[in-house]
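User: I've got a new model open and want to go through it with you. Can we start with the surface and work inwards?

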Amino acid sequence: MAANGASLEKTQKRTGVKDKQNGTSQDASVRERREKDKEERLSLVLWRRPITTLQYFLLETLIKLKELAMKLWHRRGLVSFFLVLCLFFYLAYSTEGTHQNYVKYLEGKFLWCAYWVGLGILSSVGLGTGLHTFLLYLGPHIASVTLAAYECGSTDFPEPPYPDQILCPTDGGLEGSVSLWTIMSKVRLEACMWGAGTAIGELPPYFMARAARQSGADPDDEDYEEFEEMLEQAQTAQDFITRAKMGVQNMVQRVGFFGILACASIPNPLFDLAGITCGHFLVPFWTFFGATLIGKAIVKMHIQKLFVIITFSRHIVEQMVSLIGSVPRVGPALQKPFSQYLDAQRNKLHHAGEGTPAGENWLSWVFEKVVLVMVVYFVCSIVNSMAQSYGKRLQQRRHSEEKTK
């Protein structure tokens with residue numbers, strides 16, 4: 001009996017070892033297959049496989065439109081209410097009367113706010129990479145308002161949306177009437193709307209991770225895969241970036257509202273996984289969105305706005321130009337175009353409305369080309385991301401068919 005028991009125990013141990021070995025080899029094969037699939041998806045870019053990438057992009061677009069149509073159909077009551085509301089506003093807009101002044105005012109404000117909210121969304125949602133709309137649009141807008149305020153001695157410009165150029169008031173301004181606070185008040189609406197857009201752009205990863213956690217499904221998102229790998233390697237991670245991301249994740253998970261608020265209130269490159277983190281750990285929606293909205297649209301936006309205004313204040317700009325000129329050899333060559341650009345901006349303000357042509361400057365030409373390149377890159381990244389998403393659909397379909405055979 002003892003011998004039989006000992007032999008049975010040895011057999012169970014050998015079976016357990018074999019099961020572990022089979023499980024390890026199976027995990028390795030699954031991991032190897034995932035890496036191969038990922039490499040195949042990453043090859044779907046316009047500069048390597050343009051025809052296939054465009055084809056997959058169009059097919060993925062059709063799938064997304066079909067999914068959107070189904071969602072709208074399931075919420076047809078809300079859609080009907082929205083259409084009735086749009087019809088009411090259309091009638092108010094097209095009917096003549098004394099209310100047209102208010103309608104025109106509200107229309108201008110709404111379009112101006114929607115413009116900056118849209119740029120904020122583009123900056124954070126990105127579909128793979130964001131368009132840096134702060135550097136391209138909001139930052140230069142705040143800088144131009146700052147330069148104009150110091151040059152005109154006043155912030156009594158036309159109310160936004162501004163015309164093509166900022167017009168100085170004809171009566172001038174009082175000496176010392178321009179301050180940091182007055183300039184911040186002038187651009188507060190645009191800055192807060194842009195910040196609110198960046199907060200809205202954090203919602204898709206949150207909803208995706210939340211739905212994946214509740215349903216147990218594997219979401220079609222590379223950032224979520226990175227997040228899961230980071231959780232698996234949390235104990236053994238040695239590099240600074242992974243440990244910093246884990247620190248943000250632990251702070252958001254433990255502190256809650258104030259942790260999200262603290263992370264969203266400072267320029268934080270590690271906040272990209274905050275939406276996924278909050279969705280994965282089922283943080284309530286209003287806790288996440290409320291803290292993100294306050295942090296990005298109010299606290300962080302005022303910090304960035306203050307930085308731009310101080311940087312482009314008159315005395316600092318003059319010091320920067322003189323500092324550029326003091327650089328040996330290349331300084332004078334760089335100082336001249338900067339000085340010409342500032343003089344051109346001042347002439348625009350002093351001769352606004354007189355049709356004075358602005359001289360071409362290579363700095364403005366370079367900036368226009370940089371904006372164009374970044375917009376093209378952003379569009380290409382969207383096409384590549386959607387093509388890779390469709391490629392992942394095909395891979396999942398192929399693997400499911402192989403399992404059923």
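User: What does the accessible surface of the protein chain come to?

Analyst: About 25,600 Å², of which carbon and sulfur atoms account for 63%. Bear in mind that this is a predicted model.

User: And how much of the chain is buried?

Analyst: Of its 405 residues, 33% count as buried.

User: How many helices and strands?

Analyst: The protein chain has 16 helices and 0 strands.

User: What share of the contacts join residues at least 24 apart?

Analyst: 72%, taken among contacts in the protein chain between residues at least 6 apart in sequence.

User: Switching to aromatics. How many pairs are there?

Analyst: A search of the whole structure finds 14 aromatic pairs. One of them is Trp-112 with Trp-116: the ring centres are 5.8 Å apart and the planes are at 80 degrees, so this pair is edge-to-face.

User: Why edge-to-face?

Analyst: Because the planes are at 80 degrees, and an angle over 60 counts as edge-to-face.

User: Where do Trp-112 and Trp-116 sit along the helix?

Analyst: Both are in helix 4 (residues 100-124), 4 residues apart, which means about one helical turn separates them.

User: Is Trp-112 buried or exposed? What about Trp-116?

Analyst: Trp-112 has 12% relative accessibility and counts as buried. Trp-116, at 3%, counts as buried too.

User: Give me another pair.

Analyst: Phe-257 and Phe-258. Their ring centres lie 5.4 Å apart with the planes at 85 degrees, so that pair is edge-to-face. Phe-257 counts as partly exposed at 28% relative accessibility, while Phe-258 counts as exposed at 58%.

User: Which residues form an aromatic cluster?

Analyst: Tyr-206, Phe-207, Phe-285, Trp-286, Phe-288 and Phe-289 form one.

User: Which charged ends sit over a Trp ring?

Analyst: The charged end of Arg-76 is over the ring of Trp-73, at 4.4 Å from the ring centre. The charged end of Arg-188 is over the ring of Trp-181, 4.9 Å from the centre.

User: Back to Phe-257. What does it meet in helix 13 along with its neighbours in helix 11?

Analyst: On the helix 11 side, the residues are Phe-257, Ile-260, Leu-261 and Ala-264. They meet a set in helix 13 that includes Thr-287, Phe-288, Gly-290, Ala-291, Ile-294 and Lys-300. Phe-288 also belongs to the aromatic cluster.

User: At what angle do helix 11 and helix 13 pack?

Analyst: About 30 degrees, with the axes of helix 11 (residues 257-264) and helix 13 (residues 285-311) 8 Å apart. Helix 11 passes helix 13 in a right-handed crossing.

User: Last one: Gln-388. Which helix is it found in, and what does it touch?

Analyst: Gln-388 is found in helix 16 (residues 362-404). Leaving out residues up to four places away in sequence, Gln-388 touches Arg-41, Leu-42, Leu-44 and Val-45.

User: Why does Gln-388 count as buried?

Analyst: Because its relative accessibility is 16%, and buried means under 20%.

Technical notes: Residues are numbered from 1 along each chain as its sequence is written. This is a predicted model: local features need pLDDT of at least 70, side-chain atom pairs count only at pLDDT 80 or more; totals for chains, interfaces and linings use all residues. Side-chain values use heavy atoms; hydrogens and water are left out. Rings of Phe, Tyr and Trp (its six-membered ring) pair if their centres lie within 6.5 Å; planes under 30 degrees apart count as stacked, over 60 as edge-to-face and the rest as tilted. Helices (H or I, at least four residues) and strands (E, at least two) are DSSP runs, numbered from the N terminus. Buried means under 20% relative accessible area, exposed over 50%, partly exposed in between (1.4 Å probe, protein chains only). A charge sits over a ring if NZ of Lys or CZ of Arg is within 6 Å of the ring centre and within 35 degrees of the ring normal. Contact means heavy atoms within 4.5 Å. Accessible areas come from the Shrake-Rupley method with a 1.4 Å probe; for residues, only the protein chains shown count as cover. Axes are lines fitted to C-alpha atoms, for helices over the stretch in contact, and angles run from 0 to 180 degrees between N-to-C directions. A crossing is left-handed if the near helix is turned anticlockwise from the far one by less than a right angle, and right-handed if clockwise.
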